[in-house]
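Hi,

Here is the model I promised to pass on.

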Number of protein chains: 2
Amino acid sequence: MLKGWTKMEEKMRDLKQRLSEIHDLEMANAVLGWDQLTYMPPGGAEARGRQMATLARLAQEKMTDPGLGKLIEELLPYADSLPEDHDDAALIRVAKRDFDRLTKIPPQLIARVYEHQSRCYMAWTEARPNNDFEKVRPLLEQTLEYSREVANCFPGYEHIADPLIDWADYGMKAKNLRVLFDQLRQELVPLVQAITSYPPSDDSCLRQHFPEKDQIAFGEQVIRALGYDFQRGRQDKSPHPFTTRFGYGDVRITTRVKENDFGEAFFSTVHEAGHAMYEQGCNPAFDGTPLFGGTSAGVHESQSRLWENVVARSREFWEYYYPLLQKTFPGQLGNVTLDTFYRAINKVQPSLVRTDADEVTYNLHVMIRFDLELQMLEGSLEVKHLPEAWNERYRSDLGVVPPDDRDGCLQDVHWYGGFIGGQFQGYTLGNILSALFYHHAVLEIPSIPEEIRQGKFENLHGWLKEHIYQHGRKYTAPDLIRRVTGRDLDIQPYIAYLKRKYGELYSL
Amino acid sequence: MLKGWTKMEEKMRDLKQRLSEIHDLEMANAVLGWDQLTYMPPGGAEARGRQMATLARLAQEKMTDPGLGKLIEELLPYADSLPEDHDDAALIRVAKRDFDRLTKIPPQLIARVYEHQSRCYMAWTEARPNNDFEKVRPLLEQTLEYSREVANCFPGYEHIADPLIDWADYGMKAKNLRVLFDQLRQELVPLVQAITSYPPSDDSCLRQHFPEKDQIAFGEQVIRALGYDFQRGRQDKSPHPFTTRFGYGDVRITTRVKENDFGEAFFSTVHEAGHAMYEQGCNPAFDGTPLFGGTSAGVHESQSRLWENVVARSREFWEYYYPLLQKTFPGQLGNVTLDTFYRAINKVQPSLVRTDADEVTYNLHVMIRFDLELQMLEGSLEVKHLPEAWNERYRSDLGVVPPDDRDGCLQDVHWYGGFIGGQFQGYTLGNILSALFYHHAVLEIPSIPEEIRQGKFENLHGWLKEHIYQHGRKYTAPDLIRRVTGRDLDIQPYIAYLKRKYGELYSL
């Protein structure tokens, strides 16, 4: 008995050693990726692509090593023998899930898919500015074929999108998401109609000249207060904002600044800091293992959206910060009232581009994409008809029609650099969860809104750390939601949040 | 015949593939190292150490793979069958040299040595500020043991330091270096004595307040003119200046700025740009192979010193640049004459610290270290007597006595983070070679000094690229020197350079 146990401990050490080596390769590659997007000189591009491909291949080889698979299989009974909640049991199960996912796809197919995705991405970078959907259409058709072929490596699914959704939001299914998104749409469409029956808010106060240096300093002052730890992170500039991490002690964010638009840098800084605080708050014992990180795309997005929207677009937040912002930009905002500013940052207006969308209409953009990718996968929508289908949905759902494909079906990189399927649901899940988690935080700590009004975030940050951040990937998203809320995913708190906030703003 | 040749071509492709993978791992690790010293937040240190160790271990495994050794052996006859000057022949021979060097040391010994060196380095970082040689003495004694043990993995040497010297300056031997350095010392000592019989130059003009931003802009303007390509590089700040490269298209430098000392950032920027131009000028076809890079520590240092000293401390250079510098710093230098400035940047004064030493006394510092490491390896100097031996040599060679070990035998990291042996000769070889190469450049293109006076560097840069940079590691340093000069290493041009320059400065 003791002997068998000791043997399992040895295997466990062996597993952690293997996983830690894979993790190191992935984190090293993340450093190369960060540098590529922040400081790398133009001449570095070619070699960098090769170096990153080499690290990815070495990690892939180690992740799919049959020896690792055997070890995991041998450890499964040990996982079952441990208490349900034991970290090692979670580690073994997560390792098995990752291993199965990677090894069920033939290596030759993976290689072909990566090569194709890289080619398709390059074509998209030219096709979008030239508004030339036809140029990428044949490649996108191939992407659809590959997406089906990869999904079919996971037989037994209910919907062909399910294996692809699993990669980003494990445990979510097309069927349930459709039900959820339909409920949401039924609530959102009348809300948007009610709001847009009023003239849109005047947000010209945000479109003045705000010097970059001051914008960055103000944003960093805010996220430091929210709980982002600059001892274990930093912010740099990049063409598109992102969060990346190289370990528990090094979780970085980037931003981009528009000097004629205050919202651009500020809300992206808070958004990325939300992602980053999630990773910074993970149990440090998980560092170097696959338990480190966020449990799903949806839960990750919930943390960015909670801080960006629920907190940093709230009236309470600006009751504290607006006087400080006015001090930073006295010429620009000295004569702008808090109410005008608050309305400006919460302006609702149906628009063409997802990433520019406001909090209310944003989900309509997401659900259009979600539906279209399911239709393409099902075969009820051919790629060649995507532009018309896209435009028709924008007309019916948002009341706007893209004048071209550049700001239509070519606007997002996702399908052109990855698969068709599983790409977008996480954004709306994130919005739903942001309000759901905040709702439960306030149920437990009712003083949170008042604390926000005083520029204090320790209790909210602490609650998120305890209930969400620290667990990393230990619990799947559905399990985590049940642990936090006592039930399955529920959209009502999100609906209530939107109705309360925008009902008050527009006296609906 | 054709079949055998095709087979060799296949093996050659296989070799390049293996070497390229190793190269990618090394370059990736260099990116991690650059980030560690420039932008990494404090919290990132622990994981970064682990990640870099993992990449180094994976590279090491691949570098010592018996399959690689077999492949190289099989390719040796092919190398011999190729023209002497063929790139593939050079690649095979360099790969063999690298492979032999690594595989002759038992892996367990390498692991023990790395671990020890890392421990010794950590102890040194505390011992130096505390002036506590005794704290690192036992570790340094172990370093000496390991240095001997590693040298003894290469039997057949003439002097026990030779295998260690080979790592940095392949083909150089303790015996020849001693002869060379003795000749040099015989010339330098009377020169220093003659100079120091005059009062030292007044360099107070350099010790004014020079704002960081302007210093960096001026330095970057200069190195861009010298030929450093910012499309394939960049400059950042770090605690100690260094050059690193991640490929032909990405060779970076760092600097540090002292606002109360103009020379600090400026000359280090030019120095590092010299190293970097060497790598930027390598044949791009060598990228991703062990032929990429510099051929030896001495030749590398010659390129930094040529630009830093021979060019950027020359009167010609400042005839062009001093008016521009005065425009940048009118308050500080507007009333300082070119002659005063020129004397200030060429002030000669025996001092305690190598890295602060002027061009003339610098080599005396190096030769003290070189002699002491040979004595320790030979067993004629015990580590416990190093402080006295060090101080005695400073007294006799430079006429100064360190008040403590901090600025005595604890000042350089080399022995405390590496081996004893082979650590210092490259610095003086670099000085000798800087004047030797410049001498030959001017023999071929006599207009170079006049071009420098006009701020034009294309011909000098082009000559260096053609004769030195492009060859990377294709030729060993002794071969390269013979190719460039038609004979073996000769110290006379360096002596002549110093005598002419300082003879004129001090009317000797």
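Which residues in H8(A) meet which residues in H22(A)? From H8(A) they are A:Leu184, A:Glu187, A:Leu188, A:Leu191 and A:Ile195, and from H22(A) they are A:Tyr494, A:Ile495, A:Leu498, A:Lys499, A:Tyr502 and A:Tyr506, with contact meaning heavy atoms within 4.5 Å. Nine of the residues in this contact are nonpolar, none is polar and two are charged (Ala, Val, Leu, Ile, Met, Phe, Trp, Tyr, Cys and Pro count as nonpolar, Asp, Glu, Lys and Arg as charged, the others, Gly among them, as polar).

Before going on, some housekeeping. This is a predicted model, where local features need pLDDT of at least 70 and side-chain atom pairs count only at pLDDT 80 or more, while totals for chains, interfaces and linings use all residues. Residues are numbered from 1 along each chain as its sequence is written, chains are lettered from A and ligands numbered from 1 in the order in which they are written, and side-chain values use heavy atoms, with hydrogens and water left out.

Back to the helices: H8 (residues 174–196) and H22 (residues 492–506), both of chain A, pack at about 5° with their axes 11 Å apart (axes are lines fitted to C-alpha atoms over the stretch in contact, angles run from 0 to 180 degrees between N-to-C directions). That makes H8(A) roughly parallel to H22(A), the label for angles under 35 degrees. Helices (H or I, at least four residues) and strands (E, at least two) are DSSP runs, numbered from the N terminus.

Over in chain B, there is an open sheet of three strands in the order E1-E3-E2, with mixed pairing (strands pair if DSSP finds at least two bridges between them). E1 (235–237) and E2 (243–245) of chain B stand at the edges with a single partner strand each, so one side of each has no neighbour in the sheet. Three bridges join E1(B) in parallel to E3 (residues 251–255) of chain B; B:Gln235 stands opposite B:Ile253 and B:Asp236 is partnered by B:Thr254. E2(B) runs antiparallel to E3(B), again through three bridges, and B:Thr244 has B:Arg252 as its bridge partner. Five residues lie between E2(B) and E3(B) in their hairpin, and B:Gly247 in the turn has a positive phi of about 145°.

Is E3(B) buried or exposed? Both faces are covered: B:Val251, B:Ile253 and B:Thr255 on one side, B:Arg252 and B:Thr254 on the other, are all buried (under 20% relative accessible area, 1.4 Å probe, protein chains only).

Cheers

How values were computed:
Angles under 35 degrees count as roughly parallel, over 145 as roughly antiparallel, 65 to 115 as roughly perpendicular and the rest as oblique. Buried means under 20% relative accessible area, exposed over 50%, partly exposed in between (1.4 Å probe, protein chains only).
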